[in-house]
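Subject: Structure handover and findings

Hello,

Here is the model I promised to pass on. My notes on it follow below.

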Amino acid sequence: MKPSVKFSRLGLIILTCISTILILSATVDSMNHQDKDLSLSRVQKMSGKYVFINSEPINEYEVAFEIKGFTLGHFDTPDEISNFVVKNALKISGKDHKDFDGVIIGSGKVDIAIKFK
């Protein structure tokens, strides 16, 4: 009878250790998930330029130039808006020899082209 009692105690110890490890693992995973900034995402690129719509890059940047003349309401999709703004930015960039890395599309009145630092 004693061998079965030792096995039960050993089994209980092993079961307790495994349960503790699983609980700690789940707690660490939960803590890691809470530390993440869930608002981060990848942005789309058009013509090799980053497009930020109603958002802002995390990396530091400076305003390269403004993109004016954007009229809200005559575009059906965000892609159409992005294409329009990026094309205008590329025209300005070529004409004025101003380099830029992306555009920030906001209210639609004045959007900006940016250059990362």
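First, the terms for the pocket search. It runs on a 1 Å grid over the protein atoms alone: a cavity is a set of points where a 1.4 Å probe fits but cannot get out, while a pocket is an open set with protein on both sides within 12 Å along at least five of seven lines. Lining residues have an atom within 4 Å of a point. Grid points join across faces, edges and corners, and a volume is the space filled by probe spheres set on the points.

On provenance: this is a predicted model, so local features need pLDDT of at least 70 and side-chain atom pairs count only at pLDDT 80 or more, while totals for chains, interfaces and linings use all residues. Residues are numbered from 1 along each chain as its sequence is written, and side-chain values use heavy atoms, with hydrogens and water left out.

The largest pocket holds about 390 Å³ of space. It is lined by 13 residues, and S41, V43, F52, P57 and I58 are the closest to its centre. By class, the lining has 7 nonpolar, 4 polar and 2 charged residues. Here Ala, Val, Leu, Ile, Met, Phe, Trp, Tyr, Cys and Pro count as nonpolar, Asp, Glu, Lys and Arg as charged, and the others, Gly among them, as polar.

Fold and core

The protein has 2 helices and 5 strands, in the order α-β-β-β-α-β-β along the sequence. These are DSSP runs numbered from the N terminus: helices are H or I with at least four residues, strands E with at least two. Of its 117 residues, 24% count as buried. Buried means under 20% relative accessible area, exposed over 50%, and partly exposed in between (1.4 Å probe, protein chains only).

The largest nonpolar core has 14 residues. Such a core is a set of buried Ala, Val, Leu, Ile, Met, Phe, Trp, Tyr and Cys residues joined through side-chain atoms within 4.5 Å. F65, I67 and V103 have the most contacts inside it. Elements giving two or more residues are β3 (61-68), α2 (78-96) and β4 (102-105). Helix α2 gives the most, with 5 residues.

Aromatics and charges

There are 3 aromatic pairs. Rings of Phe, Tyr and Trp (its six-membered ring) pair if their centres lie within 6.5 Å; planes under 30 degrees apart count as stacked, over 60 as edge-to-face and the rest as tilted. Y50 and F52 make a tilted pair, 6.5 Å centre to centre with 40° between the planes. F52 is buried at 6% relative accessible area, whereas Y50 is partly exposed at 31%. Y50 also pairs edge-to-face with F116, at 6.0 Å and 80°. Y50 lies in β2 (residues 49-53) and F116 in β5 (residues 110-116), so this pair ties together parts 66 residues apart in sequence. Y50, F52 and F116 form one aromatic cluster.

Two lysines sit over rings. The charged end of K45 is 4.7 Å from the ring centre of Y50. K49 lies over the face of F100, 4.5 Å from the ring centre. The test is NZ of Lys or CZ of Arg within 6 Å of the ring centre and within 35 degrees of the ring normal.

Backbone

S47 has a positive phi of about 50° although it is not a glycine. S47 is in the loop between β1 (44-46) and β2. N54 also has a positive phi of about 50°, in the loop between β2 and β3.

Best wishes
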